[in-house]
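Hi there,

Here is the structure I promised to pass on. Have a look at it first, and my notes follow below.

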Amino acid sequence: MLIDTHCHIQFNAYKNDADEVLKRCQEKEMILNVVGSQRDTSLRAAELARRYGFIYATVGLHPIHTHETEVDEEEIKFKTREEDFDYEFYKQLVSDPKVIAIGECGFELYHVPEGMNKEKFLQKQKDIFLKQINLARELELPLVIHVRDAHEEMAQFLDEVRKGSTISGVVHCYTGNWHYAQKYLDMGLYLGFTGVITFPPKKTGPQPQADLLEVVKKIPIDKVLIETDAPYLAPQAYRGQRCEPWMVEEVAKKIAEIKGMALNDVARIANSNAKKLFKKIK
Ligand SMILES: [Zn+2]
């Protein structure tokens with residue numbers, strides 16, 4: 001049994017066959033944390049969690065939706081919607097026993113809209129992230145943190161925020177180096193790994209992958225979470241296909257290989273880590 005600690009089964013990528021995908025996950029006796037990115041997808045995540053025993057939900061506002069921007073990448077093409085963080089709306093959603101965390105929230109400096117001042121862009125993300133941190137603190141829930149092209153900004157920001165009171169959470173889809181990994185671990189955060197760790201190094205620049213694998217090797221196993229980020233980032237064995245949560249096994253296998261551990265041990269420990277962080281998972 002595996003827990004996929006971060007997937008988006010409520011996204012349109014599954015609109016025609018979500019039931020079949022969920023059946024495949026159920027057959028493998030999985031637990032899923034379905035993560036929202038704005039109002040609609042948070043609401044849909046919470047609805048799925050209400051309907052299925054093995055599904056839990058995380059609700060929040062992704063930094064990409066704090067501004068309107070055109071996203072056009074290999075696997076992702078859409079126009080983001082600008083939304084503000086509606087504290088009461090999310091607070092209401094979180095009162096559900098199956099809603100286990102706030103997120104995904106954080107910083108995204110990869111998609112800076114054309115003509116936008118980077119400082120202003122980041123400031124708005126900071127304001128919205130802080131509201132979500134406050135909600136998480138108020139309700140004693142963990143954060144699911146998204147960071148892209150912004151580890152320095154995030155590490156500094158969290159350092160400041162932690163002076164108020166502690167935070168708990170996971171830096172999801174970690175793809176950074178050991179320097180920032182250590183900073184997050186020192187703050188008591190978990191790191192989530194996706195199928196990215198199974199990818200071969202890029203011919204044009206192999207260093208980031210080497211750095212990431214160094215993180216997997218060095219990180220204490222009791223700080224590791226495993227996830228897919230489905231429908232994105234299918235592991236290498238399924239590259240080019242739409243990702244599904246059961247593929248998370250590939251991530252566990254790769255961690256076992258790098259750490260020289262048995263797959264069963266990695267799975268067992270990663271599951272227990274997830275339950276330690278997401279206390280509402282039964
Ligand atoms: Zn995600």
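Glu140 sits in the loop between H4 and strand S7 (143–148); helices (H or I, at least four residues) and strands (E, at least two) are DSSP runs, numbered from the N terminus. Although Glu140 is not a glycine, its phi is positive, about 55°. Glu140 counts as exposed because its relative accessibility is 72%. Here buried means under 20% relative accessible area, exposed over 50%, and partly exposed in between, with a 1.4 Å probe and protein chains only.

Before going on, please note that this is a predicted model, in which local features need pLDDT of at least 70 and side-chain atom pairs count only at pLDDT 80 or more, while totals for chains, interfaces and linings use all residues. Residues are numbered from 1 along each chain as its sequence is written, and side-chain values use heavy atoms, with hydrogens and water left out.

Asp149 also has a positive phi, near 55°, in a residue other than glycine. Asp149 belongs to the loop between S7 and helix H5 (151–161), and at 52% relative accessibility it counts as exposed. For background, most residues other than glycine have a negative phi, and most peptide bonds are trans. One joins Gly103 and Glu104, with omega about 5°, and Glu104 is in strand S6 (residues 99–108). Another joins Ala230 and Pro231, with omega about 15°; Pro231 lies in the loop between S10 and H8.

Now for the metal. Which residues coordinate the zinc ion? They are His6 (NE2), His8 (NE2), Glu104 (OE) and Asp229 (OD), at 2.2 to 2.3 Å. Donors are N, O and S atoms within 2.8 Å of the metal (3.2 Å for Na, K and Ca), and as water is not among the atoms, sites may look incomplete. The angles among the four donor atoms run from 84 to 175°, and the site is irregular. Four donors count as tetrahedral if all angles lie between 85 and 135 degrees; four count as square planar and six as octahedral if opposite donors are over 155 degrees apart and all others between 65 and 115; anything else is irregular. His6 in strand S1 (residues 3–7) and Asp229 in the loop between strand S10 (224–226) and helix H8 (248–259) link distant parts of the chain, 223 residues apart. Both His6 and Asp229 are buried.

Asn33, in strand S2 (residues 31–35), is buried too, at 1% relative accessibility. Its side chain has a polar contact of 2.8 Å with the side chain of Thr58. A polar contact is a pair of N or O atoms within 3.5 Å; within protein, one must be able to donate a hydrogen and the other to accept it, and residues adjacent in sequence count only if both atoms are side-chain atoms. A polar atom of the Asn33 side chain also lies 3.0 Å from the backbone oxygen of Thr5.

Finally, helix H8. Its buried residues include Val248, Val251, Ile255 and Ile258. Among the elements that cover the buried residues of H8 are S1, S10 and helix H9 (263–277), where contact means heavy atoms within 4.5 Å. Just after H8, Gly260 takes a positive phi of about 65°.
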